[in-house]
Amino acid sequence: MELWDIYDINRNKTGKTVMRGCLLGQGEFHLAVQVCIFNSNGEMLIQQRQPFKDDWSNMWDITAAGSALAGETSRQAAQRELFEELGIDIDFSDVRPRCTVNFDQGFCDVYAVLVDVDSETLVLQKEEVQAVKWANMQQILEMIDKGEFITYYKTFIGLIFDLRNSYGSHENEIRK
C-alpha cells in the first residue's frame, strides 16, 4: 500500500494523505519525480517497462520516475526511485530539479544528472524494468515516432537534453 501526501495548488502539504490509485479531490495534488541520467557522450539512460505493467507496457521511458511517498521530499523520492528501479545510488541532497512540470493531479520535478554508469551492471527492478540502454536525443525522438517510447512531447525531450548541463531557461553566454 503506497501513501502519498496531498498538496494544495501552491505546493503546500495539506496534512492529508491518499492511497495510490484513489482519486484526488478538487484542488488536491500529489508529487512525482522523473530522473534522467546522462553520460559524458550526451546520451540518456532509458528503460523499457515490463510487458505486464498496466500503463505503457513494453514502452521505453526516461531513466526512472515515480511518485513521492508520504513524508518524502522530492529529492528523497528521486533517490529512492532511481535506486529501486536501476540500483543506481546517487546522493540528491545537493541536486535541484531542472524544472517542474505541472499535470492534472500534481507536480513533477524533473532531475537531470551526469553519471557515467555501465548499463550492463545495473540491478533492474523485475516488477518495473525489463531492459536499459543509452540513447541520444534523435534516437529517442525516432522511438517516439515509431510508438516505442512513451509519447512525451518531443519539445519536452529536447528541453531535458538542453537543461542537462545547466539550470535556467536561457543560455548563460551570448552567442556571436
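A: Strands here are DSSP runs of at least two residues, labelled E and numbered from the N terminus. With that in hand, and bearing in mind that this is a predicted model, one can turn to the loop between E4 and E5, where Asn58 is found. Most residues other than glycine have a negative phi. Asn58, although it is not a glycine, has a positive phi of about 65 degrees, and Trp56, also not a glycine, has a positive phi of about 60 degrees.

Elsewhere in the chain, helix H2 (residues 137–145) and helix H3 (residues 154–163) have axes that come within 10 Å and cross at roughly 165 degrees. Angles over 145 degrees count as roughly antiparallel, and H2 and H3 are therefore roughly antiparallel to each other, with a crossing that is right-handed. On the H2 side, the residues in contact are Met137, Ile140, Leu141, Ile144 and Asp145, and they meet Lys154, Ile157, Gly158 and Phe161 in H3. Sorted by class, this contact of H2 with H3 has six nonpolar residues, one polar residue and two charged residues.

Technical notes
Residues numbered from 1 in each chain as written. Predicted model: local features only at pLDDT ≥ 70, side-chain atom pairs only at ≥ 80, totals over all residues. Heavy atoms only, no water. Axes fitted to C-alpha atoms, helices over the stretch in contact; angles between N-to-C directions. Helix = DSSP H or I, 4+ residues; strand = E, 2+ residues; numbered from the N terminus. Parallel < 35°, antiparallel > 145°, perpendicular 65-115°, else oblique. Left-handed = near helix turned anticlockwise from the far one by under 90°. Contact = heavy atoms within 4.5 Å. Nonpolar A, V, L, I, M, F, W, Y, C, P; charged D, E, K, R; others polar.
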